[in-house]
Amino acid sequence: MTTDQLRPFLALPLLLAALATARSASGPYPVQWSPKLGLKSLADIDARLHRSFGDVFEGKLNGKPVTVSNCAEYLADSREHFAVAGGEQAFIVLHSDAVDCIALEALKAARPAKASYLGGFHLNASSLTYLSPLLAPAVSNEQLAKARQAASSGDSWQRFVPAARAKPARQAGAINVSQPNWETTITEYGRADFTGDGLADLLVRSDYAATKGTYRNSRLFLLSRKNETAVLEVVKEYNIR
């Protein structure tokens, strides 16, 4: 058989790969969410927003005394101006609850995706190869600038912090990441089109804890990508006050 006769067969693997990618990108893909958000259906979001935190947080809004006991009150009282009383511990607890509030608020606007390049991605021991370095702990402007530079270069968290190691967490859909001075839990909160561009995005929660000291923080990120082998980019980091 000549080279010209072989050429169609040589191109066949590339054609099959292209078709596989096209199939994986075709939709629609339904809105998915984590059991940790406490929803039976998307119709339950408003009821969930009014469910009690279990704690009542006292503080001030524009100088006036205010109490916050659920997500609806937290969102209504403008997270940018509510100053919680009770010190650092109260702030940490409310901040952690607030991440769920913002996730639920984002989920209200989520729509089924027309295309998805997330099908092959799941949180597991190899996830750091595909997660953005912007998810790595950063508490200084210098650390954040380095993470942004790494992200702009297309680096992954694993490449940015070679010593980082991930393993499955006890709860499904989450991983624990260990790296020098830090322990982090990344939890998948939802998959849907959150931005209106038709592509599936990944909503993830990140909980950080310093191994030396008492520093803790929780953040909420929206990730996405345009091919199934790329590092997930941070589309948005939600403002949590």
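How many salt bridges does a search of the whole structure find? The search finds 7 salt bridges, where a salt bridge is a side-chain nitrogen of Lys or Arg within 4 Å of a carboxyl oxygen of Asp or Glu. The close-ups below come from a predicted model, in which local features need pLDDT of at least 70 and side-chain atom pairs count only at pLDDT 80 or more, while totals for chains, interfaces and linings use all residues. Residues are numbered from 1 along each chain as its sequence is written, and side-chain values use heavy atoms, with hydrogens and water left out.

View A. Let us begin with E142 and K146, whose side chains meet in a salt bridge at 3.6 Å, N to O. These two residues are 4 apart in helix 5 (residues 141–152), so about one helical turn separates them. Helices (H or I, at least four residues) and strands (E, at least two) are DSSP runs, numbered from the N terminus. E142 is exposed, with a relative accessible area of 56%. Here buried means under 20% relative accessible area, exposed over 50%, and partly exposed in between, using a 1.4 Å probe and protein chains only. R159 and D155 also meet through their side chains in a salt bridge, at 3.6 Å, N to O. R159 is exposed at 62%, whereas D155 is buried at 19%.

**View B. The salt bridge of R205 and D207.** The closest N and O atoms of R205 and D207 are 2.9 Å apart in this salt bridge. R205 counts as buried at 5% relative accessibility, and D207 as partly exposed at 21%. Salt bridges that share partners join D100, R205 and D207 into one network.

**View C. The disulfide of C71 and C101.** The structure holds 1 disulfide, meaning a pair of cysteine sulfur atoms within 2.5 Å. The sulfur atoms of C71 and C101 are 2.2 Å apart. The torsion about their S-S bond is about -85 degrees, so the disulfide is left-handed. C71 belongs to helix 3 (residues 71–76) and C101 to helix 4 (residues 87–108), so the pair ties together parts that are 30 residues apart in sequence. Both cysteines, C71 and C101, are buried.

View D. Strand 2 (residues 52–61) pairs with strand 3 (residues 64–70) in the antiparallel sense over 6 bridges; two strands pair if DSSP finds at least two bridges between them. S52 stands opposite N70 in strand 3. This hairpin has 2 residues between the strands, and N62 takes a positive phi near 55 degrees. Strand 5 (residues 165–168) and strand 6 (residues 174–179) are antiparallel too, pairing over 4 bridges. K167 stands opposite N176 in strand 6. Strand 5 and strand 6 have 5 residues between them in their hairpin, and G173 in the turn has a positive phi of about 75 degrees.

**View E. D193 and its surroundings.** Look for D193 in the loop between strand 7 (182–192) and strand 8 (201–210). The side chain of D193 reaches the backbone nitrogen of G196 at 2.8 Å and that of D197 at 3.4 Å. Leaving aside neighbours within four places in sequence, D193 is in contact with several residues, including R111, P112 and L199; contact means heavy atoms within 4.5 Å.

Conventions: Polar contact = N/O pair within 3.5 Å; in protein donor to acceptor, adjacent residues only side chain to side chain.
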